[in-house]
Amino acid sequence: MGKVVSKIVNWAFPGGAGHSEDDDLTHNFDSFHSISAKNADGDMIDFKEYKGKVVLVVNSARM
Amino acid sequence: MYNKYKDQGFEILYFPCKQFGKSTDEHGNRVDGQEPGDIATVQAAYREKFHIPWSIFDFVNVNGPETCDVYKFLRSAELKNQNREKNAVEWNFGKFIVGKDGQVLKRYGPGVPITVFDAEDKLKAWLAME
């Protein structure tokens, strides 16, 4: 079922972006490397560690 | 592909997300999102079942009022296929490429397999950029 929905979504939004819902995207980050986030082990990861690297960011799901 | 390029400076970051679709939890209950279970369960499944070696982060919201900082940054980048009016993540497995300088280079939809990036004009070119 999920794959079917995904195919429909891809057909509808081939460019990859959907219409926004007035989300407030205000932030003060001038670089990805200024951000930090908690990993699955609960540790805060400073994205400075990705300086000089090409990073692929994916919102994932198993189903 | 990850193994092929990781030593050249390629990283993949997975951000599990429960915002899209529905699924069934371990008790057989229908739940929101296609990433059921707690983050420990999710990480264990990625490692043990899918043998994913790259970094896995905590659950995030990629759309809506609780959009996390990472996706605020990614979605606010001005790109060929993303702008102020059109930037919501439409489904699981949306893909953003961040360059060595920390700026968003590209955005790809869920239907684009990452194997597409193994090309002269994509990953090889991005890795060659300073």
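Val55(A), which is found in strand β4 of chain A, can be taken as an example. Val55(A) counts as buried because 23 other C-beta atoms lie within 10 Å, where the cut-off for a buried residue is 20 or more. Leaving aside residues up to four places away in sequence, Val55(A) touches Phe32(A) and Tyr50(A) of chain A, and also Glu11(B), Leu13(B) and Val98(B) of chain B. Asn28(A), by comparison, stands 27 residues from Val55(A) in sequence and 20 Å from it in space, C-alpha to C-alpha.

## A sheet built from both chains

Strand β4(A) belongs to an open sheet of five strands, which are arranged in the order β4(B)-β1(B)-β4(A)-β6(B)-β7(B) with mixed pairing. Strands β4 (55-56) and β7 (104-108) of chain B lie at the edges, and because each has a single partner strand, one side of each is left without a neighbour in the sheet.

How many bridges join β4(A) to β1(B), and in which direction do the two run? There are seven bridges between β4(A) and β1(B), and these strands run parallel; within this pairing, Val57(A) stands opposite Leu13(B). To strand β6 (residues 95-98) of chain B, β4(A) is joined by four bridges, and here the strands run antiparallel, with Val58(A) standing opposite Lys95(B).

## The contact between the chains

The contact draws on 41 residues from chain A and 63 residues from chain B. On the side of chain A that touches chain B, the elements giving two or more residues are α1 (2-12), β1 (17-19), β2 (36-38) and β4 (54-60) of chain A. Of these, β4(A) gives the most, with seven residues. By type, the residues of this side of chain A divide into 19 nonpolar, 15 polar and seven charged.

## The largest nonpolar core

The largest nonpolar core has 38 residues, and those with the most contacts inside it are Val55(A), Val57(A), Phe15(B), Val60(B) and Val70(B). The elements that each supply at least two residues of this core are β4 of chain A and, from chain B, β1 (10-16), α3 (69-75), β5 (86-89), β6 and α4 (123-128).

Which residues does Val70(B) touch, when those up to four places away in sequence are not counted? The contacts of Val70(B) are Ile35(A), Ala37(A) and Val57(A) in chain A, together with Phe15(B) and Val60(B) in chain B.

## The two chains in outline

The secondary structure of chain A comes to one helix and four strands, and from the N terminus on these elements run α-β-β-β-β. Of the 63 residues in chain A, 30% are buried.

Chain B has four helices and seven strands, which follow the pattern α-β-β-β-α-β-α-β-β-β-α when read along the sequence. The C-alpha trace of chain B spans about 50 × 35 × 25 Å along its principal axes, and 38% of the 130 residues of chain B count as buried. Among the contacts in chain B with a separation of 6 or more, 49% are accounted for by residues 24 or more positions apart.

## Confidence of the prediction

The model scores ipTM 0.93 and pTM 0.87. Chain B averages a pLDDT of 92, and 100% of the residues score at least 70. Which element of chain B has the lowest mean pLDDT, and which the highest? The lowest mean, 75, belongs to strand β3 (residues 30-32) of chain B, whereas the highest, 98, belongs to β6(B), a strand that pairs with β4(A) through four bridges.

Methods: Residues are numbered from 1 along each chain as its sequence is written. Chains are lettered from A and ligands numbered from 1 in the order in which they are written. This is a predicted model: local features need pLDDT of at least 70, side-chain atom pairs count only at pLDDT 80 or more; totals for chains, interfaces and linings use all residues. Two residues are in contact if their C-beta atoms, placed from the backbone, lie within 7 Å. Ala, Val, Leu, Ile, Met, Phe, Trp, Tyr, Cys and Pro count as nonpolar, Asp, Glu, Lys and Arg as charged, and the others, Gly among them, as polar. Two strands pair if DSSP finds at least two bridges between them. A nonpolar core is a set of buried Ala, Val, Leu, Ile, Met, Phe, Trp, Tyr and Cys residues joined through C-beta atoms within 7 Å. A residue is buried if 20 or more other C-beta atoms lie within 10 Å of its own, exposed if 12 or fewer, and partly exposed in between; C-beta atoms are placed from the backbone. pLDDT is the predictor's confidence in each residue, from 0 to 100.
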